[in-house]
Amino acid sequence: AKIKEVEFVKSSARAKDCPKHDRPEFAILGRSNVGKSSLINSLVRKKDVALTSKKPGKTKLINHFLVNKSWYFVDLPGYGTLANQLSVVSQVPDCRGQGFGDLRFAKAPDAARMDWSAFTKGFFLSRDTLVTVLLLVDASVPPQKIDLDCANWLGRNNIPMTFVFTKCDKMRAGKGKRADENLRDFQQFIKDNYRVPPPWIMTSSVTGLGRDELLLHMSQLRNY
Ligand code: GTP
Ligand code: MG
């Protein structure tokens with residue numbers, strides 16, 4: 001599970017510009033500012049492999065990072081910013097169809113209203129090297145509809161996911177019990193809505209909580 005080296009490969013504006021489908025990929029998805037880029041830096045133990053910012057909307061393209069010359073981290077733009085709401089995909093093609101049946105979302109409301117850019121969706125629907133989506137959820141705020149919509153959309157399209165709760169260090173820093181309740185609410189939602197709930201892992205890019213657990217989980221999914 002150890003990360004020995006990581007190199008930035010390229011930024012792509014469209015799914016078809018991404019590196020060819022030659023290695024397993026882990027895509028990092030979540031609301032703007034949830035800590036996607038920070039999580040990558042924390043996992044690879046480097047401060048600025050992926051660029052981060054206090055302001056939402058920092059990552060604007062699909063960024064591939066090659067780890068140990070054998071698999072990719074894919075850093076993606078967050079959803080939930082104005083820029084990402086401009087191109088709404090009104091119809092979600094159901095083109096994955098097979099596999100991952102157990103992870104399928106059971107109660108799927110209309111997910112066609114998911115509002116993040118078409119190019120990000122194009123990525124998910126076209127990458128057959130995608131091992132799993134790490135769907136990041138901020139543990140320090142109550143469950144957000146847009147995160148649930150995103151989980152629905154992935155489930156409907158049979159895209160495997162792992163829930164990664166971020167900013168778990170904030171649960172102790174003052175917000176206390178309320179943050180625990182937020183997390184419990186979200187976990188209850190997962191249990192209520194999946195026949196087989198996707199795995200979830202609690203993390204903090206500040207303290208390193210969950211880092212080893214997540215890397216081990218990812219190596220098990222890759223089978224090496
Ligand atoms: P976009 O690229 O805009 O979609 O954002 P992102 O999801 O990549 O978030 P980013 O990693 O840039 O982090 C956003 C802010 O949250 C930064 O100020 C980070 O320092 C902070 N942050 C990220 N992870 C954590 C964490 O685990 N704990 C705390 N306390 N802050 C965090
Ligand atoms: Mg980012």
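Helix H1, which spans residues 36-44, is mostly covered in this predicted model, since 7 of its 9 residues are buried (a residue is buried if 20 or more other C-beta atoms, placed from the backbone, lie within 10 Å of its own). The buried residues of H1 are Lys 36, Ser 37, Ser 38, Leu 39, Ile 40, Ser 42 and Leu 43, and just after H1, Arg 45 takes a positive phi of about 55°. Helices (H or I, at least four residues) and strands (E, at least two) are DSSP runs numbered from the N terminus.

The buried residues of H1 pack against the elements in this table, where contact is defined by C-beta atoms, placed from the backbone, that lie within 7 Å.

| Element | Residues |
|---|---|
| strand S2 | 25-30 |
| strand S3 | 62-67 |
| strand S4 | 71-75 |
| strand S5 | 130-138 |
| strand S6 | 161-166 |
| helix H5 | 211-222 |

An open sheet of mixed pairing is formed by 7 strands in the order S1-S3-S4-S2-S5-S6-S7, where two strands pair if DSSP finds at least two bridges between them. Its edge strands, each pairing on one side only, are S1 (6-12) and S7 (200-202), and the twist averages 25° from one strand to the next. Within this sheet, S2 and S5 pair in the parallel sense over 6 bridges, and Ala 27 has Val 133 in S5 as its bridge partner.

Helix H3 (residues 145-156) lies across S2, S5 and S6, and runs at about 165° to S5; axes are lines fitted to C-alpha atoms, for helices over the stretch in contact, and angles run from 0 to 180 degrees between N-to-C directions.

Residues are numbered from 1 along each chain as its sequence is written, while chains are lettered from A and ligands numbered from 1 in the order in which they are written. Because the model is predicted, local features need pLDDT of at least 70 and side-chain atom pairs count only at pLDDT 80 or more, whereas totals for chains, interfaces and linings use all residues.

How values were computed
Buried ≥ 20, exposed ≤ 12 C-beta atoms within 10 Å, placed from the backbone. Contact = placed C-beta atoms within 7 Å.
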